[in-house]
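Me: I've just opened this one. Can you walk me through it?

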Amino acid sequence: MLPFMRIDHDTPTRHVKGILDTNYYRYTAGIAGEKFFEGLKENKLVAVACKDCKDCEDSHVYLPPRMYCECCFAELTDYFAVPDTGTVVSFTEVFQDVEGKPLSEPVILALINIDDTDTLFLHHLIDVDELYVGLRVKAVWNEQKNGSLLDIKGFKPT
Ligand SMILES: [Zn+2]
Ligand SMILES: [Zn+2]
């Protein structure tokens, strides 16, 4: 089902009160996600490119990688590592956690256009003196790897 398809209900929506135990479910990262998270363990940002979009005006290099091209719906199999450097496109400073409690230190989140990609990558900015759109940054990798997004400590200015 496409995400923009409209769903019509001919019966009213119902709700049920109770506790749903989610310990029995396991979320998988999927084929493209697995390649991305495996790459993180080796200090690599794994992206995927669409070759079928050659005639398209835009190029399409996705990071994190997707299984299918969002432009032409072709299956994507051309995975490769891109640089761990990029340019800040947007940022925000966060002072509270999800429950509204003040953080001990504010956190800076940024949308980063990683070099050689056409998408935006969300991560922390660290060791920032001057913050602005267009700031060049590079990933700081954790020694210890878990195959999670936090294998990158954050991105710091270059
Ligand atoms: Zn395209
Ligand atoms: Zn495409």
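Reply: The protein chain has one helix and eight strands. Helices (H or I, at least four residues) and strands (E, at least two) are DSSP runs, numbered from the N terminus. This is a predicted model, where local features need pLDDT of at least 70, side-chain atom pairs count only at pLDDT 80 or more, and totals for chains, interfaces and linings use all residues. Residues are numbered from 1 along each chain as its sequence is written, while chains are lettered from A and ligands numbered from 1 in the order in which they are written.

Me: In what order do the elements run from the N terminus?

Reply: They go α-β-β-β-β-β-β-β-β.

Me: And which strands form the open sheet?

Reply: Three strands, in the order β2-β1-β3, with antiparallel pairing. Strands pair if DSSP finds at least two bridges between them. β2 (61-62) and β3 (78-82) stand at the edges with a single partner strand each, so one side of each has no neighbour in the sheet.

Me: How many bridges join β1 to β3?

Reply: Five, with β1 covering residues 45-49. V46 stands opposite A81 in β3.

Me: Switching to α1. Which residues are buried there?

Reply: A32, F36, G39 and L40. Buried means 20 or more other C-beta atoms within 10 Å of the residue's own, with C-beta atoms placed from the backbone. Seen down the axis of α1, the buried residues fall within an arc of 110 degrees, so they line one face of the helix. That arc is of the directions from the helix axis to the C-beta atoms.

Technical notes
Buried ≥ 20, exposed ≤ 12 C-beta atoms within 10 Å, placed from the backbone.
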